Amino acid sequence: MPWLTKSRFISGLQCPKRLWCEVHEPLEAPLPDSVAFINGRAIDQLVQTLQPGTVISREQGMPAAIAATARLMRNGAPPVLYQPAFRAGELAVIADVLRSSAGHATLVEVKSSTSVKPEHLADVGFQTLVLRQCRVPIDRVLLAHVDAAFVLKSLAQYDGLIVERDVTDEVEVALPQIAESAAALQDVMASPVRPIVPMGSQCTKPYECPFMERCTREQGGVPEFPVGLLPRGGQVVAALVAAGYADLRQVPESLLGSEVHLRVHQASISGEAYFDPTPTAALQKLGYPLAYLDFETIGLAVPEVIGTRPYEQLPFQWSVHVEESAARVRHAEFLNLESLGNFEALARSLLAALPDAGPVFAYNAPFERGVLERLADRVPGLANGLRGIAARLVDLLPITRAAYYHPDMKGSWSIKAVLPTIDPGLDYADLGEVQEGGGAQLAFLQIRAGAVSAARREELTRALLKYCERDTWGLVVLRRFLCGGVP
Ligand code: SF4
């Protein structure tokens, strides 16, 4: 029988069907790298540099790592062991850190999050179970995570970035239940029959399940307008689902309260877009020049720029469109792939690209405002200009939300949902691999890691520029649309 590993145990706790599918009917394509995965790897690597220790290689696979760990432990456990692997019967784990001293052992699980989450306890609890069955005298269990308050004061000085929380007591309480769950999940894996589990909240919490597409298909798909598309639906959606409603169009109006929900409901039934010009009145009065701004940012778990915090969103790219008149629109852009901390170059070029006066449109402007404010703090010589831009920001998101809804937006006012309903040529799907902020961050990290060929670097760079340009051009089109097509 396949081993119940740590990741399978976590999958099984989320959903027994997920575990069974991972073992018996795995997905063909491996999951692509994500920004979260890259940040997690960076934290793991950093931890190994903070305290000297022996690293067990995973490169030859888990059985080889188990054998290597056993060889080392036979001669007395090293004081600090990274990635030791253990097997107890059909249970197997690779731990992050094992510290040993005078017959005592401390297990440390390293997380790249900024806090301890409930699911982390099950994770480290399962490891404790397996290590104790392997006669490792675990008497202390720690969860190490990123301290969100850490500020990088000098290059490569990471003392204090990782904090450890003692969770020994919580783990001791949870262990009997964890042992029971492990036994039950072994039965799930051993069964030739796939468990029957209807889709539900477990499909996205605590992790997005990779089998969602398959399960949705097998359940006969979802209605074109599921009740779940109601924006900020929360309890309303839960009540509708509990009452047996799946298709929003079947829901009586009387069960919906908010004006937005009624608008979405009505548009879903009629297939007609909603448009109310009243909220656009102030927009109509704005004169040229009209500027449009969008930043792309990255949040690194291990900060690299002095004065920054973990996961602080640092700008590496901007795009600006300026409508100087109804007939003349110019575009400017900036992309810094080399030195993330060169805020002055980014800020100076931005100030040069934007007109000295007039509105600067953004979509969800608090984000752009935050980036500008932090830039002003970092580049005091340009602070006035940057704060001036922040003061001129006009947010198109609340205006769009109040004025417009199209049934194809499926309950979302994200710019990617809105634009294709206004102009089919603005569908982000045609942008290739960089179609959203996460894709842009991943492309940025891949280029910076230097592990891509020159041709691939060129391709990713083009994709990044095209994506950011699309965002601000989309805002030009959106403003014109909201103003009735007459700028
Ligand atoms: S999509 Fe949901 S029901 Fe299907 S395996 Fe994943 S968690 Fe289970």
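The paragraphs below go from the ligand to the cavities and then to the sheet.

This is a predicted model, in which local features need pLDDT of at least 70, side-chain atom pairs count only at pLDDT 80 or more, and totals for chains, interfaces and linings use all residues. Residues are numbered from 1 along each chain as its sequence is written, and side-chain values use heavy atoms, with hydrogens and water left out.

Start with the ligand. Around it stand Cys15, Lys17, Arg18, Val197, Gln202, Cys203, Cys209, Phe211, Met212 and Cys215; near here means a heavy atom within 4 Å. Seven of these shell residues are nonpolar, one is polar and two are charged. In this scheme Ala, Val, Leu, Ile, Met, Phe, Trp, Tyr, Cys and Pro are nonpolar, Asp, Glu, Lys and Arg are charged, and the others, Gly among them, are polar. Helix H2 (16–24) and helix H7 (212–218) each supply at least two residues of the shell. Helices (H or I, at least four residues) and strands (E, at least two) are DSSP runs, numbered from the N terminus.

The ligand takes up the space of the largest cavity. A cavity is a set of points, on a 1 Å grid over the protein atoms alone, where a 1.4 Å probe fits but cannot get out; lining residues have an atom within 4 Å of a point. A molecule sits in one if more than half of its atoms lie within 2 Å of its grid points. The largest cavity holds about 100 Å³, a volume being the space filled by probe spheres set on the points, which are joined across faces, edges and corners. It has 14 lining residues, and Cys15, Lys17, Cys203, Cys209 and Cys215 are the closest to its centre. H2 gives the most to this lining, with three residues.

The second largest cavity holds about 50 Å³. Its lining includes Asp44, Arg58, Tyr82 and Asp96. By class, that lining has four nonpolar, two polar and three charged residues. Helix H3 (residues 35–50) gives the most, with three residues.

Now the sheet. Five strands form an open sheet in the order E13-E12-E11-E14-E15, with mixed pairing. Two strands pair if DSSP finds at least two bridges between them. Strand E13 (329–335) and strand E15 (393–395) are at the edges with a single partner strand each, so one side of each has no neighbour in the sheet. Strand E12 (residues 313–323) pairs with E13 in the antiparallel sense over seven bridges. Ser319 has Glu333 in E13 as its bridge partner.

Notes
On a 1 Å grid over the protein atoms alone, a cavity is a set of points where a 1.4 Å probe fits but cannot get out, and a pocket is an open set with protein on both sides within 12 Å along at least five of seven lines; lining residues have an atom within 4 Å of a point.
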